[in-house]
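Biologist: I would like to learn how to read a structure feature by feature. Please show me the chain, and we will start from there.

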Amino acid sequence: MIKKILISQPQPTSEKSPYYDIEKAYGVQCIFRPFFKVEGLNAKEFRNQKINILDYTAVVFTSRHAIDNFFKLAKEMRITIPEDMKYFCVIETIALYIQKYVQYRKRKVFFGTTGKIADLVPLMAKHKEEKYLVPMSEGHNEDVTKLLDAKKLKHQECIMYRTVDNDFSEEEKKAFDYDMVVFFSPMGVKALYKNFPNFKQDKIKIGTFGQGTAKAAQDEGLVLSLQAPTPKYPSMTSAMNAFLRDQEED
């Protein structure tokens, strides 16, 4: 029976989060505990890349972290983002998050349906005239560059944030008694084994978001109980809801 779920993300800021609906519906407790932290570059670090944000007409966002740090840097450098700047996001939930910073207009916000950058590229290719800026994390691979080069798009990748460890305290390690653990990135899986080198899954259910995360978990020998996004369950909360409903019916 699932009673205590570790969600390896920050606690939702909205009281209307679907996670809270899941808690009420199934009598479970969701504990939000990020396995790593994201730190944005400061203006000096960003300027060292010799990139001028205003040279670009469109920005590609692959995560909320990218959105937060793009607008934070713009504010820190006193850059006013033009009203006609276009935004291309890998999935609608990320696109909607832009409302935190700018007025959402469909004519300048575009999004994919799968959460994969590869599936966003054909949409970007329909706007070949744009000059794309792609905020990335420190240590990113060259996959995005290769995809955009293949479509002959004008683009520039830049580093705007980095991830750092958010290690478990000794007290947290002793209190690790979860029935389910949900991962959202390969780094989260890596962090689990860094903090718990002798981790054994036993009866713990594992959920993953994204193909890369699923592969990282399976490479460690973990058995997955649920995965998202899928055409049927585009979000982790929808996948969790279906899984817990099925558990109750068994």
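Biologist: Is Arg-78 buried or exposed?

Modeller: Arg-78 counts as exposed, because its relative accessibility is 79%. The classes are buried under 20% relative accessible area, exposed over 50%, and partly exposed in between (1.4 Å probe, protein chains only). The areas come from the Shrake-Rupley method with a 1.4 Å probe, and for residues only the protein chains shown count as cover. This is a predicted model, so local features need pLDDT of at least 70, side-chain atom pairs count only at pLDDT 80 or more, and totals for chains, interfaces and linings use all residues. Residues are numbered from 1 along each chain as its sequence is written, and side-chain values use heavy atoms, with hydrogens and water left out.

Biologist: Where is Arg-78 found?

Modeller: In the loop between helix 3 and strand 5 (86-89). Helices (H or I, at least four residues) and strands (E, at least two) are DSSP runs, numbered from the N terminus. Arg-78 has a positive phi of about 60°, although it is not a glycine.

Biologist: Which phi does Lys-152 have?

Modeller: A positive one, about 55°, and Lys-152 is not a glycine. Its place is the loop between helix 6 (143-150) and strand 8. Lys-152 counts as exposed, at 69% relative accessibility.

Biologist: Now the peptide bonds. What joins Ala-228 and Pro-229?

Modeller: A cis peptide bond, with omega about -5°. Pro-229 sits in the loop between strand 11 (224-228) and helix 10.

Biologist: How do I read a salt bridge?

Modeller: Side chains of opposite charge can pair when their charged atoms come close. The cut-off is a side-chain nitrogen of Lys or Arg within 4 Å of a carboxyl oxygen of Asp or Glu.

Biologist: How many salt bridges does a search of the whole structure find?

Modeller: The search finds 11. Take Asp-68 with Lys-100: the closest N and O atoms are 3.8 Å apart. That pair links distant parts of the chain, with Asp-68 in helix 3 and Lys-100 in the loop between helix 4 (92-97) and strand 6 (109-111), 32 residues apart. Lys-100 is exposed, at 54% relative accessibility.

Biologist: And what about Glu-76 and Lys-72?

Modeller: They form a salt bridge, with the closest N and O atoms 4.0 Å apart. Both lie in helix 3, 4 residues apart, which is about one turn of the helix. Glu-76 counts as partly exposed at 40% relative accessibility. Lys-72 is partly exposed too, with 36% relative accessible area.

Biologist: How far apart are the closest N and O atoms of Lys-194 and Asp-165?

Modeller: They are 2.3 Å apart, and the two residues form a salt bridge. This pair also links distant parts of the chain: Lys-194 is in helix 8 (residues 186-195), Asp-165 in strand 8 (residues 154-165), 29 residues apart. Lys-194 is partly exposed at 44%, and Asp-165 is partly exposed at 46%. Salt bridges that share partners also join Glu-45, Glu-138 and Arg-162 into one network.

Biologist: Next, aromatic rings. How do I describe a pair?

Modeller: A pair of aromatic rings is described by the distance of the centres and the angle of the planes. Rings of Phe, Tyr and Trp (its six-membered ring) pair if their centres lie within 6.5 Å; planes under 30 degrees apart count as stacked, over 60 as edge-to-face and the rest as tilted.

Biologist: How many aromatic pairs does the whole structure hold?

Modeller: The search finds 19. The rings of Phe-61 and Phe-71 have centres 6.4 Å apart and planes at 40°, so this pair is tilted. It links distant parts of the chain: Phe-61 is in strand 4 (residues 58-61) and Phe-71 in helix 3 (residues 64-76), 10 residues apart. Both Phe-61 and Phe-71 are buried, and Phe-61 has a relative accessible area of 0%.

Biologist: Which residues form one aromatic cluster?

Modeller: Phe-35, Phe-168, Phe-176, Tyr-178, Phe-183, Tyr-193, Phe-196 and Phe-199.

Biologist: How far apart in space are Thr-62 and Cys-89?

Modeller: 6.0 Å, C-alpha to C-alpha, while 27 residues separate them in sequence. Thr-62 lies in the loop between strand 4 and helix 3, and it is partly exposed at 28% relative accessible area. For Phe-61 and Ile-117, 56 residues apart along the chain, the C-alpha atoms are separated by 9.3 Å.
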